[in-house]
Amino acid sequence: MKHIAIVTGASSGIGREFVRTIPKHGTFDEVWVIARNQERLEELQWDVSIPLKVVAMDLSDPASFVRMQTLLEEQKSDVRLLINAAGFGRFQAVEKCSLEDNLGMIDLNCKALAAMTQIVLPYMQKGAKIVEIASVAAFQPIPYINIYGATKAFVLSYARALNRELKQRKIHVLALCPFWTRSRFFERAIQKDENIIKRFIAMYEPEFIVKSAWTALRFKRDLCIPGWKAKLQVLGVKLLPHSLIMTIWQKQQGLK
Ligand SMILES: NC(=O)c1ccc[n+]([C@@H]2O[C@H](COP(=O)([O-])OP(=O)(O)OC[C@H]3O[C@@H](n4cnc5c(N)ncnc54)[C@H](OP(=O)(O)O)[C@@H]3O)[C@@H](O)[C@H]2O)c1
């Protein structure tokens with residue numbers, strides 16, 4: 001049986017960095033890379049010694065779940081690692097953002113992540129690992145990044161509870177919560193005519209985020225918040241009332 005790793009959101013940013021570093025962290029026969037942009041997925045093979053299986057599909061379309069199920073069944077694979085990195089956000093007031101995009105964030109960030117996890121689980125055995133990418137945004141309500149933050153709160157809660165449920169099967173789930181990270185994320189998040197975020201307290205590199213995640217996996221942690229600025233932000237959010245946190249955020253960014 002082939003040992004495989006599956007990475008969603010593999011064409012860019014954090015997902016792509018996971019794929020590039022997978023060979024250093026385990027023995028896999030194949031890595032399945034998933035995103036919409038086929039060309040970018042194919043280019044990844046230049047950077048990775050393990051054979052890649054390119055699965056170009058839109059995870060916000062439920063037909064992709066059926067395709068995934070079929071692929072897994074056909075190949076009778078042993079999935080040793082699943083990284084759910086596909087996700088997008090919009091920095092915009094809920095009312096200004098299209099309904100399509102608002103629901104699209106829920107479809108991709110929550111529904112597809114939960115679907116991929118559940119579809120893959122029957123093909124996992126003792127020792128398998130799952131990384132669910134949440135965000136520092138998961139810990140607080142965030143006006144103007146509202147639905148995105150709420151989707152990440154779902155991911156954080158889901159991943160940590162799932163880790164407990166899967167302990168019996170000795171499958172480890174990590175909730176990875178990056179702070180701002182340099183990637184294509186911002187191309188989709190920032191609206192040209194509307195500059196919501198004027199200050200980024202930190203900007204981490206995908207390499208640092210992924211290196212921290214591999215360490216957290218090694219130590220079987222269920223939560224990873226890479227970087228001291230990110231940890232400090234989460235600590236502040238835990239200690240102070242959320243109403244005050246939201247006021248500070250709005251003042252910091254000059255938002256009404
Ligand atoms: N960057 C940050 O500041 C930051 C902070 C905290 C958490 N995160 C989270 O980290 C994860 C990775 O984000 P990133 O920063 O690496 O952003 P990114 O560079 O934009 O990567 C997002 C990935 O998701 C894929 N994707 C988007 N829509 C998709 C769809 N409908 N179906 C399938 N794949 C889709 C994209 O590929 P295609 O466009 O080819 O489909 C891309 O591979 C996301 O869950 C994000 O929410 C990011």
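This is a predicted model: local features need pLDDT of at least 70, side-chain atom pairs count only at pLDDT 80 or more; totals for chains, interfaces and linings use all residues.
**Entry 1: Lys220**

Lys220 is exposed, with a relative accessible area of 60%. I placed Lys220 in the loop between helix H7 (206-218) and E7. Its phi is positive, about 55°, although Lys220 is not a glycine.

**Entry 2: Tyr144**

I looked up another positive phi. Tyr144 has phi near 75°, and Tyr144 is a residue other than glycine. Tyr144 sits in the loop between E5 and H5.

Next I traced the strands. What is the strand order in the open sheet? I read E3-E2-E1-E4-E5-E6-E7, seven strands with parallel pairing. Strand E3 (52-56) and strand E7 (223-224) stand at the edges. Each has a single partner strand, so one side of each is left without a neighbour in the sheet.

I then checked two pairs. Strand E1 (residues 3-8) and strand E4 (residues 78-84) are parallel and share six bridges. Within this pair, Val7 of the protein stands opposite Ile83 in E4. E5 and E6 also run parallel, joined by five bridges. There I found Ile133 opposite Leu176 in E6.

**Entry 3: helices on the sheet**

I looked at what covers the strands. Helix H3 (residues 63-75) lies across E1, strand E2 (30-35), E3 and E4. H3 runs at about 170° to E2. Helix H5 (residues 146-165) packs on the sheet as well, touching strand E5 (129-133), strand E6 (172-176) and E7. The direction of H5 makes about 155° with that of E6.

**Entry 4: strand E6**

I went through E6 residue by residue. Five of the five residues of E6 are buried, so E6 is largely enclosed by the rest of the structure. Which residues of E6 point one way, and which the other? His172, Leu174 and Leu176 point one way, Val173 and Ala175 the other way. All of them are buried.

**Entry 5: helix H5**

I checked the length of H5. At 1.5 Å a residue, its 20 residues should span 28 Å. The end C-alpha atoms are 29 Å apart, which agrees.

I then listed its buried residues. They are Ile147, Tyr148, Gly149, Thr151, Lys152, Val155, Leu156, Ala159, Leu162 and Asn163. What do the buried residues of H5 pack against? I found helix H4 (99-120), E5, E6, helix H6 (185-189) and E7. In an α-helix, residues three or four places apart point the same way, because there are 3.6 residues a turn.

**Entry 6: Phe65**

I moved to Phe65, which is found in helix H3. Phe65 is buried, with a relative accessible area of 12%. The cut-off for buried is under 20%, so Phe65 qualifies. Which residues does Phe65 contact, leaving aside its neighbours within four places in sequence? I noted Leu59, Lys111, Ala112, Ala115 and Ile119. I also took one distance here. Phe65 and Met116 are 51 residues apart along the chain, yet their C-alpha atoms are separated by 6.9 Å.

**Entry 7: Ser60**

Ser60 lies in the loop between E3 and H3. At 30% relative accessibility, Ser60 counts as partly exposed. Leaving aside its neighbours within four places in sequence, Ser60 is in contact with Asp107 and Leu108. Ser49 is eleven residues from Ser60 along the chain, and their C-alpha atoms are separated by 30 Å.

**Entry 8: the whole protein**

I finished with overall values. I counted nine helices and seven strands in the protein. The radius of gyration is 18 Å, close to the 18 Å that the globule rule gives for 256 residues, so the protein is as compact as a globular protein of that length. The C-alpha trace spans about 55 × 35 × 30 Å along its principal axes.

How much of the protein is buried? I read 55% of the 256 residues. The accessible surface comes to about 12,700 Å², and 54% of that belongs to carbon and sulfur atoms. Among contacts with a separation of 6 or more, residues 24 or more positions apart account for 71%.

Terms used. Residues are numbered from 1 along each chain as its sequence is written. Side-chain values use heavy atoms; hydrogens and water are left out. Two strands pair if DSSP finds at least two bridges between them. Helices (H or I, at least four residues) and strands (E, at least two) are DSSP runs, numbered from the N terminus. Contact means heavy atoms within 4.5 Å. Axes are lines fitted to C-alpha atoms, for helices over the stretch in contact, and angles run from 0 to 180 degrees between N-to-C directions. The radius of gyration is taken over C-alpha atoms; the globule rule is 2.2 Å times the number of residues to the power 0.38. Buried means under 20% relative accessible area, exposed over 50%, partly exposed in between (1.4 Å probe, protein chains only). Accessible areas come from the Shrake-Rupley method with a 1.4 Å probe; for residues, only the protein chains shown count as cover. The expected span of a helix is 1.5 Å times one less than its number of residues.
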